[in-house]
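Please examine the structure shown below.

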Amino acid sequence: MVKTSKGLRVGEKRGHQPGETLRVLIAEARLKERVKEVAREIRRDFPKDTIHLIGVLKGSIFFLADLARELGGEVSFDFLGVSSYGKGSDSTGEVKLTKDLDVTIEGKTVLVVEDILDTGLTLKYLLKLFEERKPKHLRVAVLLDKVGRRIADVRADYVGFAIPNEFVVGYGLDYAERYRNLGDVCSLRIASAGKKAE
Ligand code: IMP
C-alpha cells in the first residue's frame, strides 16, 4: 500500500482525534448538484402540493435544509428523534422514539428525510408509525444508501447516492457526535482498530 510521508494512505487526511483518518467520498460540489437533481425529481412528482418534510435528527439536517431550498413551492418542516439498539446482523431491530413530531401529518404529502439508509430498521419503524397516522402521500428521501447492508425490506423513493459499506461522516453524519460539520461526505478510518469504524 502506498503511504505518504505522514504515514497516511494516498488521498487521506488526518481527522480530529489521533488515529482517525478521512478520505473524501463525495465532495461538497457534487452533493449540491445531486441534491438539486433529487429536489427536481420530487417536485416533478408533486408539482402543486405543500411538501411536509420530516427530518430524522440529527444527521438529516443539512440534507433537509438544502433540499427544502431547492424544492421551491410550498414546504413545511417537522423533526423527529430516534435511537436504535443492537444494530448489525444480530440486531433486535429495536428502535425508540426520542422526540415525536410537533404537528399532525394526517392528509399531508409527507417526505421523510434521512441521512443514510443502512440496515433499514429505522426506516421500517418510521414508515409503520407514519402510515398509521394517515398521510395523503408518504415518501422517503435518503442522501446515502448502503444497499449491501440491508436487513429490513424497505427502500427509499429518492436516493442521492448509493455507497459501498464504509463508515461515513460529514454533511450531517457523525462519529461520536463529531464531523457533522464537514462539507464533504468522507469515509472514516480508525487506525487503532486497524479498520474502518463500524
Ligand atoms: P439503519 O436503521 O441501520 O438503516 O440506520 C440508519 C441510521 O444509522 C442513520 O440514520 C445513521 O444515524 C446511522 N448510520 C448508519 N450508517 C452510518 C454511517 O456510515 N455513518 C454515520 N451514521 C450511520
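In this predicted model, helix α1 and helix α2 (residues 61–71) pack at an angle of about 55°, and their axes lie 9 Å apart. The crossing of the two helices is right-handed.

Particular residues form this contact. From α1 come V35, K36, V38, A39, I42 and R43, which meet F63, D66, L67, E70 and L71 of α2. Of the residues in the contact between α1 and α2, 7 are nonpolar and 4 are charged, while none is polar.

The next topic is the sheet. Strands of a sheet pair through backbone hydrogen bonds, either parallel or antiparallel. Here 6 strands build an open sheet with mixed pairing, in the order β5-β4-β3-β6-β7-β8. Because β5 (95–99) and β8 (158–162) stand at the edges and have a single partner strand each, one side of each is left without a neighbour in the sheet. From one strand to the next, the twist averages 25°.

Within the sheet, β6 (residues 109–117) and β7 (residues 137–145) run parallel and are joined by 8 bridges. For example, T109 has H137 in β7 as its bridge partner.

Helices also pack on this sheet. Helix α1 (residues 28–45) touches β3 (51–57), β4 (75–84), β6, β7 and β8, and its direction makes about 155° with that of β8. Helix α3 (residues 121–131) touches β3, β4, β5, β6 and β7, and the direction of α3 makes about 125° with that of β4.

Key. Residues numbered from 1 in each chain as written. Predicted model: local features only at pLDDT ≥ 70, side-chain atom pairs only at ≥ 80, totals over all residues. Heavy atoms only, no water. Pairing = 2+ DSSP bridges. Helix = DSSP H or I, 4+ residues; strand = E, 2+ residues; numbered from the N terminus. Axes fitted to C-alpha atoms, helices over the stretch in contact; angles between N-to-C directions. Contact = heavy atoms within 4.5 Å. Left-handed = near helix turned anticlockwise from the far one by under 90°. Nonpolar A, V, L, I, M, F, W, Y, C, P; charged D, E, K, R; others polar.
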